[in-house]
Every structure is written in structure tokens, then in C-alpha cells.
Amino acid sequence: MWRGALIGAGHVALEGHLPGWMSREDVVITCAADPRAAARTTFAASLPGVAWHDSVESLLACEPIDFLDICTPPDAHPAAIRAGLDRGLHVLCEKPLVLDRDELSRLTELSERRGCVLASVHNWKHAPILAEATALLRSGAIGTPRHVDWEVRRLGPSIAAAMTDAGNWRLDPARSGGGILVDHGWHAAYMVTDWIPGPLQAVSARLETRKHDRWPVEDTADVLLRFEGGQARLFLTWAGEVRRNRITIEGTDGAMRIDGAVLEIQGRGAPRRIEYADSLSEGSHHPGWFAAVAEGFVAAMSGGQASPSLREAALCVEAIRLAQESSRQGGRTIEAFGFRPDLAAAVSPRRQG
């Protein structure tokens with residue numbers, strides 16, 4: 001039985017992660033940490049009797065656990081990850097894992113030295129419609145993918161611990177690391193790198209405020225990622241008039257289109273149209289998608305294997321870093337010199353569940 005702790009007890013922890021853990025027979029969440037008194041009350045209603053701590057340090061000092069599941073705002077990720085790894089614990093962390101490539105390298109090396117799994121929550125890979133699209137692409141349904149258009153339109157950012165702008169860490173660049181580019185661009189980056197062949201070569205981007213000028217972060221990002229085998233354009237906005245997700249993938253032998261809950265394929269076989277119950281345009285916490293993340297994390301802990309999410313996280317960190325720099329330089333194309341996505345190595349967990 002794997003014993004876990006939730007670090008941060010906000011919406012994503014309670015509505016996304018906790019249902020996934022509670023559905024497993026080989027995992028038990030034994031404790032949680034969050035400095036907010038209101039969070040304790042809410043958490044106790046969902047999982048009564050679980051030990052509560054006001055800090056990560058307090059929890060680590062007295063709780064016998066095997067892993068941390070970190071659901072805090074991004075600025076708290078590095079310290080919490082390091083604290084867990086230093087204790088010889090496996091660590092699963094919400095995206096963005098970290099936003100500095102040197103920090104990611106140091107934490108990856110620490111996980112290797114400690115023999116612990118470090119993984120990022122890349123739940124969009126497990127959305128049924130995207131998982132199906134990936135499987136079709138790998139089967140050659142539209143030949144080799146060459147171009148992706150990834151569009152996300154939202155009326156505003158997801159809520160955090162409070163309903164007001166002042167309480168939403170996504171709007172504080174010191175806590176979030178950026179606006180919609182970090183919040184939605186991270187998902188897009190790890191998905192498109194799974195589809196387009198070859199390493200990242202260059203990035204150009206323009207980050208703008210189109211509507212919400214009271215926020216100190218961008219509400220719109222227009223990004224072009226160039227890979228060895230093709231390119232992906234990401235258009236992301238919190239200034240939309242409608243809530244929508246659209247993705248078009250063009251290959252050497254056809255095309256694929258995703259619009260909300262509908263997947264259309266025109267390729268080597270007969271045209272197909274598949275409609276799903278679970279739309280990309282709806283919901284924020286996706287407990288069903290997290291269940292597959294939990295499955296992969298437990299498998300990595302049990303088998304002593306590195307999580308593939310570390311390589312994906314390296315790509316996300318580099319793409320966001322270069323996009324932000326490109327925008328500062330007026331949209332200039334910036335080459336991805338010296339980028340190494342192969343940060344993750346095999347590890348052997350020290351503890352068995």
C-alpha cells in the first residue's frame with residue numbers, strides 16, 4: 001500500500017486529484033498540508049480523519065509516507081519538490097513542474113541520486129479524445145504529422161482559492177510565472193511534441209493583453225514552435241467571446257480535426273467522425289484524466305522507472321522560456337541552441353508499496 005500526502009488542498013487537489021487516489025486500492029492518502037485554515041475545513045469534509053499540517057516541513061517531520069502529490073501554486077513547487085526528494089520520497093507535481101531549466105536539471109539529478117521518481121501531471125494526454133488522436137497518429141492514419149494548429153479560447157482564467165482577481169494566483173506573475181502561456185501553453189507544448197517528429201529548433205511568439213488590462217500577465221499568446229519535422233502554432237486567449245478548444249493536425253496523407261468533443265479524420269482510410277462525452281472545452285480539473293496520471297506514477301514507483309513526463313517538462317520549460325524572450329524582442333524567432341530534452345534517466349525507487 002502506497003502512502004501519500006497532498007501538498008496544497010485547493011480546487012485541483014480536491015476535485016481533480018483526490019477522486020483519482022480514492023479510486024485506487026493500492027494507495028491511501030494519509031495526510032495533507034496547506035497554510036490556509038479554510039482549506040482544512042473543506043478537506044476534512046472530503047476526507048475526514050486525515051492528519052493535517054500547516055506546512056510541508058511539519059508534515060515531513062512526522063508523517064510516515066512514500067510520496068508527495070504537490071498541488072500548490074507554481075512558485076511553491078521547487079521547494080516542495082526538493083523537500084520531498086531530500087527525504088527520499090517520490091514526488092508527483094502539478095504543472096508547471098518548474099519554470100527554470102537549471103532548476104529542473106538540479107531536481108532531476110537529485111531524484112536520480114535519491115532513487116526516487118519525479119513526475120509532472122500531464123493529464124491532457126489522457127483526455128479520451130486526445131489519447132485517441134495520438135493512437136491514430138502513431139498508426140499512420142494521416143501519414144507523418146507536419147503542422148498543428150492548437151487553439152484555446154476562454155472567457156478568463158480558472159478560479160483559484162478565491163473568486164476574485166486578487167485571490168487568483170494565476171494573475172500574479174511572481175506566483176504563476178506568466179499568464180495564459182504558462183497555464184495553457186504547458187499542456188499544448190507536451191502534446192504537440194508527442195505528435196511532430198524531431199527536437200524543438202526555434203520559437204517565435206507575441207504575448208499580448210487584448211482585453212483584461214487590469215491584470216499584470218498576458219491574456220493572449222500567439223506562439224510558433226518549429227521542430228525538425230514540422231511546426232505547431234498555438235493560439236491561446238483568456239479574452240475569448242466563447243469557450244472553445246480546436247486542434248487541426250495536418251499530415252503527409254491527410255488531416256485530423258478536433259473541436260470540443262468531436263474528432264474528424266480524413267486520411268488513408270474512409271473519413272471518420274467520432275463524438276465523445278468528454279469535451280476538451282468543458283471542465284477544469286478532469287478527475288478521470290488524473291486517474292491515468294496516477295496509474296503511470298504508481299507504475300513508475302513500483303517498477304523503478306523514470307517518468308516520461310520529465311522529458312516532456314523539459315520541452316515545456318524551454319518552449320515557454322523562448323516564447324517569453326521572443327515576445328520581449330518583438331516576436332523575433334529564437335533558436336533553441338543547446339536544448340537537451342533527455343534529462344530523465346532510469347531510477348530505482350528506495351521504497352516499495
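Predicted model: local features only at pLDDT ≥ 70, side-chain atom pairs only at ≥ 80, totals over all residues.
Colleague: Which residues is I81 in contact with, once its neighbours within four places in sequence are left aside?

Modeller: I81 is then in contact with I70, V91, C93, L97, V98, L107 and L118. I81 is also one of the residues with the most contacts inside the largest nonpolar core, together with L130 and W150.

Colleague: What makes a set of residues a nonpolar core?

Modeller: The set must consist of buried Ala, Val, Leu, Ile, Met, Phe, Trp, Tyr and Cys residues joined through side-chain atoms within 4.5 Å. The largest such core has 82 residues, and α11 gives the most to this core, with 10 residues. Apart from it lies another core of 28 residues, including F43 and F297.

Colleague: Why is F43 called buried?

Modeller: Buried means under 20% relative accessible area, whereas exposed means over 50% and partly exposed in between, with a 1.4 Å probe and protein chains only. F43 has 2% relative accessibility and therefore counts as buried, and W52, at 13%, counts as buried too.

Colleague: What makes F43 and W52 an aromatic pair, and why is the pair called tilted?

Modeller: Rings of Phe, Tyr and Trp (its six-membered ring) pair if their centres lie within 6.5 Å, and planes under 30 degrees apart count as stacked, over 60 as edge-to-face and the rest as tilted. The structure holds eight aromatic pairs. In the pair of F43 and W52 the centres are 5.7 Å apart and the planes stand at 45 degrees, so the pair is tilted.

Colleague: Why is the pair of W215 and W238 called edge-to-face?

Modeller: The centres of W215 and W238 are 6.0 Å apart with 85 degrees between the planes, so this pair is edge-to-face. W215 lies in the loop between β8 (200-208) and β9 (220-227) and W238 in the loop between β10 (230-237) and β11 (244-251), so the pair ties together parts that are 23 residues apart in sequence; strands (E, at least two residues) and helices (H or I, at least four) are DSSP runs, numbered from the N terminus. W215 counts as buried because its relative accessibility is 8%, and W238 counts as buried at 0%.

Technical notes: Residues numbered from 1 in each chain as written. Heavy atoms only, no water. Contact = heavy atoms within 4.5 Å.
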